[in-house]
Every structure is written in C-alpha cells, then in structure tokens.
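Please read it alongside the sequence and the coordinates.

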Amino acid sequence: MGEPQRNVVDLVVDGVPCRVPFSEQTIRLCHDLLAKWTSRQRELGRRMVIFLAAPPGAGKSTLASLLAKLSCEDESCEPLVALPLDGFHYHADVIAKGIVCVEGRQVPMREVKGTLETFDHALFAEKCRELCSGTAVLWPRYDRNIHDVVDDAIAVPATARLVLVEGNWLLSNETPWDETRSLADLSYLLVADPDLLHRRLVARKSRGGLSPEAAEEWYRKCDGMNVRRVLAHSSADNMLVEDEKGSIWPLGERLWGAVPMQFHGDDKNGSWLGSSVRTPLLLHACCGPCSIEPVELLRREGFEPTICWTNPNIQPKEEHDRRLATLRAWAADVAHVNVIVAGDNRAAWEAGVAPHGFDRAARCCACYALRLAEACRAARELGFTYISTTLAVSPYQLFETCGDVLAKTAAAYGLTPVWRDFRPYYPEATRTSRDLGMYRQNYCGCRFSAAEAAVERHEARDRRKAE
C-alpha cells in the first residue's frame, strides 16, 4: 500500500496556529463520529459530554481541534466545543516546589510534570460537573508560551450542546480519576504503537531545545512512564487506533456496534495493546492448534480473548483430555491467554447429536448448536458481550452452517457474535503447531467423524497409488 492521500487543514492546536496534514481515512472517521454524536445529543436533548483519552504523543489535541473545525463546517452537525485537560496542571509555582509520590517514589513535581499526580483533580471534578449540568463554564488553559496555567481562559456558553474533553488521564482507573470517568456520556481511547509514540515524543523535546540525549532521558523518566500508565490503566466504551502512517481507525467493533468490521491497519497494529485496553471476548476453542491464529488475529483487531472449552463431542475420553491438555499448555506457555472449562454434557450430545449418525450436515449443525449454546451461556454468566469460535479456522468444518448457528445462538443470549473467516490462516496454524510440537488430531472429534476421516484417508491413499 502507498502513502495515503493527505488533506492539509489549518488548525489552532494548544493555542498555536498550524497546518496539519490528515489522511482521507481520518477525515472520514471524524465526519462519522460527528454524525453519530449529533444524533445521540439530539436524542438526549441536553448537553452531551465526551471524553477522549490517549497517551502522550498520540495526537489527541490535534484530533480534537480537527473535530471542532469540521463540526462548524457541516451544517448537519452540532458545533463541537473541544476542551483540554492540560489546563488542570497545578500552577507553575506549585510544581516548582511540590513533591509527589509516583509509583511508590517521592519525586519533585518538576521532574515528572505531566504525570497524573501533577494535575489538580479536585478542580477538574468541580469544573466537569458544572459542564455536565449544562450551564456556562469558564475553563482553564495551559499556555505553552509561559509554561503555566491560565485560569478561566476558555468560555463555554450555556448554548454549547456538544463538548469534547481531551487528555491523558480522563479514563484512568487510578484513584481519584476513576471517580470522574463516569461523568462522560461517551468515552473514546485513542492508542498508537508505543515505539511510534517514543519517536514522536523524543523528537518533540528535541524541537523544544533539548539535546538528543536529554530528550531520551526525559522520555525515560517521564513521558515513557506516562505512555505505559495510560495504556495500562485506561479503558473506554470505544477505541481508536492510529497506524504507522498517521491514519486513525476504529478498533474492533467498539465504535460500530454490531456491524462486523475488521481493523485495517498494518498487521502488527493492536498486537502491543495491553489486555486492559482491549475488548473482552469469549472464544470457544475446539483444540490448541486451531486457537493459534484466532487469538493473534483477534488481539490485532482489539479484542482480548478468554478461551472457553466445551466439546462433549470429542471421543474417546482420552482424546478429549489430551486435546484439552495441549490447549492449556499452549495457552499458558505461549499465548498467555486464560482458559475456562465450561460444561461438557455428553448425555445431551448422545441424545441430540448422535442420532444423526453419518448425516454430516445435520449432525454437525446439531453439534455446533450444543457446543456454542454452552459457550454463550458461559459468556453471559461471566459478563462477556462478544463471542467467537475457532471452528472458523478449519476448512473441514461447515463454515456457513457454523456462522449461522453462532449468529442465532448469540442473539438468543443477548451477545454480539464476532464471526471471522479464519480459514486462510489454517496453513500457518498448521506450520506453527508443528513447530511447537503440539499434538495434532486427525479427525474432528466424534466417533462418526473419526470413521469418516479414516475412509477419506484410505481413499486418498488409493488415489495416490493409482496415480
């Protein structure tokens, strides 16, 4: 893929006029967000407050300024007022003399300026509650020319119906910020590859006059710690990710509801996300080898899978236990993913599936329904919203049938199915599982499939001999 087409937009970011290039994707995303927010605000019939959090260097202030500008240019959208969290830094005189405890260490505020502890959360909470009440509000701004806070610098009129607050710590689960995150009507977390943020933040300090060595040292002591803390302790209703080329995409299905949407960034994007900022998903797994690619691909898409084992079809019991042991060993030692064992109702399988015998279409459909119903039951009981299955990996499964069963079963349990065609990754899963020395079965699971597989292998040998 080549470089995305860029649109240069005149903005004022942190009080500084600048010309910023944006990709078509980012512009399109902004228009989609504004349309969604306008519709939601009009449904509410009152001021709507949105929190946009991001680690340092992710471009949240620039994105907020772009959203505000585009909202004023589109008559169909409610005008957006963008407000910075940076105005709630403690004043310069306080930071110059203050001492704070950061991750168990007593350090001077001036050495960690920008960390969560150098913000006046009590004042933010007060102003934010005023904002949510719908009244006129005077909001502070951080002036980068004087490196200090200017009180009451931004006037938010009572007529403002759509307000976006942007900042690093808005969606942190650390005390006391966890008490104010719920004030937002909608929340968004914008993330990017930490390596990209590292390069940007060091370059920013260098442009500000620091030597390359001093810029790296500041990143090590302050900016880098803040990046890690934001990614580790933040979560949101919706997630956005910036790729290496600067385009911003919705991550997973958090933004788009039930509309299935793959993440379009580079392959590695999303793989570095901590589990606290991914969307929890229960992944029904049929075996270890078939779980390899779905876990990795779903993580790239912004989900954090928990594997659910429920496979009463696998016979004999020794085979069942061997597959489960293989899955558990790989999950613990390689994938670092949790495994739960749900019900394995063999009597129900014998009563509801076995009577179909060698009618593969009917048998497999009934088997999918039994196993996925138990997985969905477990997902609902454990509080998951999203459900998927590794049955979408093997080319030997009835793909369309399984997708239909998952959709219907998930709907019955109030869940959102994440149905993906993992079949193109089957060869890679085969190679990886062999390289890892994982046990690989040669039939699906039940006694009927074992007999069918044996016949197919025998017929394949006969064809090879005939050739």
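Which strands does helix α4 lie across, and at about what angle does it run to β3? In this predicted model, α4 (residues 121-133) lies across β3, β4 and β9, and its direction is at about 140° to β3. The points below take the sheets, the helices and the cores in turn.

**Six-stranded sheet**
- The sheet is open, its pairing is mixed, and its six strands follow the order β4-β9-β3-β10-β11-β12.
- β4 (80-84) and β12 (248-250) are the edge strands; each has a single partner strand, so one side of each lacks a neighbour in the sheet.
- On average, neighbouring strands here are turned by 25° against each other, with direction ignored.
- Helix α2 packs on this sheet and touches β3 (48-53), β4, β9 (162-167), β10 (186-192), β11 and β12. The direction of α2 makes about 165° with that of β9.
- Three bridges pair β11 (residues 238-242) with β12 in the antiparallel sense, and Leu240 stands opposite Pro250 of β12.

**Contact of α1 with α2**
- Helix α1 (residues 24-44) and helix α2 (residues 60-73) have axes that come within 10 Å and cross at roughly 65°. The crossing of α1 and α2 is right-handed.
- α1 contributes Thr26, Ile27, Cys30, His31, Leu33, Leu34 and Trp37 to the contact, while α2 contributes Leu63, Leu66, Leu67, Leu70 and Ser71.
- By class, the contact of α1 with α2 holds nine nonpolar residues, three polar ones and no charged ones.

**Five-stranded sheet**
- A further open sheet has five strands with parallel pairing, in the order β15-β14-β13-β16-β17.
- β15 (339-341) and β17 (416-417) stand at the edges with a single partner strand each, so one side of each has no neighbour in the sheet.
- β13 (residues 279-285) and β14 (residues 303-309) run parallel and are joined by seven bridges; Leu281 has Pro305 of β14 as its bridge partner.
- Helix α8 (residues 317-335) lies across β13, β14 and β15, at about 155° to β14.
- Helix α10 (residues 360-382) also packs on the sheet, where it touches β13, β14, β15 and β16 (386-389). The direction of α10 makes about 155° with that of β13.

**Nonpolar cores**
- The largest nonpolar core has 69 residues, of which Trp37, Phe51, Leu67, Phe124, Leu131, Trp139 and Val165 touch the most other members.
- Apart from that core lies another of 46 residues, including Cys286, Cys287, Leu406 and Ala410.
- Beyond its neighbours within four places in sequence, Leu67 is in contact with Cys30, Leu33, Leu34, Trp37, Leu80 and Leu164.

Technical notes. Residues are numbered from 1 along each chain as its sequence is written. This is a predicted model: local features need pLDDT of at least 70, side-chain atom pairs count only at pLDDT 80 or more; totals for chains, interfaces and linings use all residues. Side-chain values use heavy atoms; hydrogens and water are left out. A nonpolar core is a set of buried Ala, Val, Leu, Ile, Met, Phe, Trp, Tyr and Cys residues joined through side-chain atoms within 4.5 Å. Buried means under 20% relative accessible area, exposed over 50%, partly exposed in between (1.4 Å probe, protein chains only). Contact means heavy atoms within 4.5 Å. Axes are lines fitted to C-alpha atoms, for helices over the stretch in contact, and angles run from 0 to 180 degrees between N-to-C directions. Helices (H or I, at least four residues) and strands (E, at least two) are DSSP runs, numbered from the N terminus. A crossing is left-handed if the near helix is turned anticlockwise from the far one by less than a right angle, and right-handed if clockwise. Ala, Val, Leu, Ile, Met, Phe, Trp, Tyr, Cys and Pro count as nonpolar, Asp, Glu, Lys and Arg as charged, and the others, Gly among them, as polar. Two strands pair if DSSP finds at least two bridges between them.
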